[in-house]
Amino acid sequence: MLKTFRIGGIHPPENKWSASQSIVPLPVPKQVIVPLSQHIGAPSEAVVQKGDKVKVGSLIAKSGGFVSAAIHSPVSGTVAQTGNAIDASGTARPAICINVEGDEWEESIDRTATLKKDCSLTEKEIIAKIAEAGIVGLGGATFPTHVKLLPPPGSKAEVLIINAVECEPYLTSDHSLMLEKGEEILVGATILMKALQVSGAVIGIENNKRDAIKHLTGLAAGYPGIQVAPLKVKYPQGGEKQLIDAIIRRQVKSGALPISVGAVVQNVGTVYAVYEAVQKNKPLIERVVTVTGKGVEKPSNFLVRIGTPVRNLIEAAGGSVDTAGKIIGGGPMMGKALTGADVPVTKGSSGILVLPEEAAVRKTAQVCIRCAKCVHVCPMGLNPTLLMSAGEYQKWDLAEDELITDCIECGSCSYTCPANRPLLDYIRLGKAKVMGIIRARKS
């Protein structure tokens, strides 16, 4: 019987229209905008100035702290500006603008397709190289990868769990990567196992990707300690705590980290990026992005340079920015509406969902009918309707007492609500406020 997590969950339509599409490199744009805050933690600090010449892979921003990430130029050309630029939320934040001139790469980057399996680096050298390459979680959370590989004192990793679930509707970037870069992913997994000093790794894949399960299972036979775990299709199985529960049957307590139960979870795209960083000296300057939805003619998976305008991706997939009713960064459940099509692709951009006007209109919210459906489907065992009320009426003490910070923002509550109430909107508001209060209290 297929495994899955034990609390809550829903089954939205999958709509994996781009699953059969191979990865297509997107042409390099004329200009890129590279935000300095595209990861969890302290913003990066620019090390280039206007007029500087850069190559693909050149360091343009150093890590701003322990929980931060370096940023490298995704293109070659001239730095046009170091200032503020509008990000996906519509806020002006520090960024580096580069005018593209050719496509000259740093000589240290191995651009050949030759598979490099052996890694002679020590655990510390591997982690240092991952940090230098600016690798972050590519599943959407964008937590700096090197930090995850350094468990706090008193904690020890027992197993590496590779998140290849991709439970978000529409998105297929991870699926396509597994089919095309399976061997590299397994080498990346062995490198991470060495860095964590664990002997076992499990790749969790939902059963709607049977070709990927078959492909990686066959390859894994040649990699000791790595196994593939087919999982029952259920959203949000890609959440760290849900995936840990599904695979090793351990539940992470409220406020605790996965390492508390001996698990370290890495997205499958992150594992591939680790392979490229450690074995090919390639920093994180591009990623696979799914462009899909009824607003495009050909749902596709593109290999995209960081900083590329979203407009370029939509047009390459046969869509029109002018006729789009809504453009969502990510999937329909956890993604957020973009303020425009000229915002750049970042390290955390797993997908672009384009909806026509008729599909972008929200239904009118009604009074809560106390059906408790939101409570039943919450994968964290929370009371979403109570948390919404706490956010709506600014009862921050109540929100904190009811563990609003445990919310993973999966949107299951809003999806299942028959009254069309904007549960997640108010919970996000309350969660951000409460987390700010907690930070202020600690400082």
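I started inside a sheet: Ile 203 stands opposite Val 228 in β11. The model is predicted, so I kept its limits in mind: local features need pLDDT of at least 70, side-chain atom pairs count only at pLDDT 80 or more, and totals for chains, interfaces and linings use all residues. Residues are numbered from 1 along each chain as its sequence is written, and side-chain values use heavy atoms, with hydrogens and water left out.

Helices (H or I, at least four residues) and strands (E, at least two) are DSSP runs, numbered from the N terminus. Two strands pair if DSSP finds at least two bridges between them. I found β10 and strand β11 (residues 226-231) paired in the parallel sense over six bridges. Strand β9 (residues 159-163) also pairs with β10 in the parallel sense, over four bridges. There, Ile 161 has Val 202 of β10 as its bridge partner.

How many residues of strand β10 (residues 201-206) are buried? Six of its six are. Buried means under 20% relative accessible area, exposed over 50%, partly exposed in between (1.4 Å probe, protein chains only). On one side I listed Ala 201, Ile 203 and Ile 205, on the other Val 202, Gly 204 and Glu 206, all buried.

Next I traced an open sheet of six strands, in the order β1-β14-β13-β17-β15-β16, with mixed pairing. β1 (23-25) and β16 (336-337) stand at the edges with a single partner strand each, so one side of each has no neighbour in the sheet. Strand β15 (residues 324-329) runs antiparallel to β16, joined by two bridges. Ile 328 has Ala 337 in β16 as its bridge partner.

Another open sheet has four strands, ordered β2-β8-β7-β4, with antiparallel pairing. Its edge strands are β2 (31-35) and β4 (53-54), each pairing on one side only. Five bridges join β2 to strand β8 (residues 92-100). Val 34 stands opposite Ile 96 in β8.

**Helix packing**

Axes are lines fitted to C-alpha atoms, for helices over the stretch in contact, and angles run from 0 to 180 degrees between N-to-C directions. Contact means heavy atoms within 4.5 Å.

Helix α1 (residues 123-132) packs against helix α4 (residues 182-196) at about 120 degrees, with the axes 8 Å apart. That makes α1 oblique to α4. Angles under 35 degrees count as roughly parallel, over 145 as roughly antiparallel, 65 to 115 as roughly perpendicular and the rest as oblique. Glu 123, Ile 126, Ile 127 and Ile 130 in α1 meet Ile 191, Leu 192, Lys 194 and Ala 195 in α4.

Helix α3 (residues 173-180) and helix α7 (residues 268-280) pack at about 45 degrees, axes 9 Å apart. This pair is therefore oblique. Asp 174, Leu 177 and Met 178 of α3 make the contact with Val 268, Gly 269 and Tyr 272 of α7. I also saw α3 lying across β1, β13 (286-292) and β14 (300-305), at about 125 degrees to β13.

**Ala 317**

Where is Ala 317 found? It is in the loop between α8 (310-316) and β15. Ala 317 counts as buried because its relative accessibility is 1%. Leaving out residues up to four places away in sequence, Ala 317 touches Val 291, Val 296, Glu 297, Lys 298, Ser 300 and Phe 302. I also looked up Ala 317 and Val 434: 117 residues apart in sequence, 40 Å apart in space, C-alpha to C-alpha.
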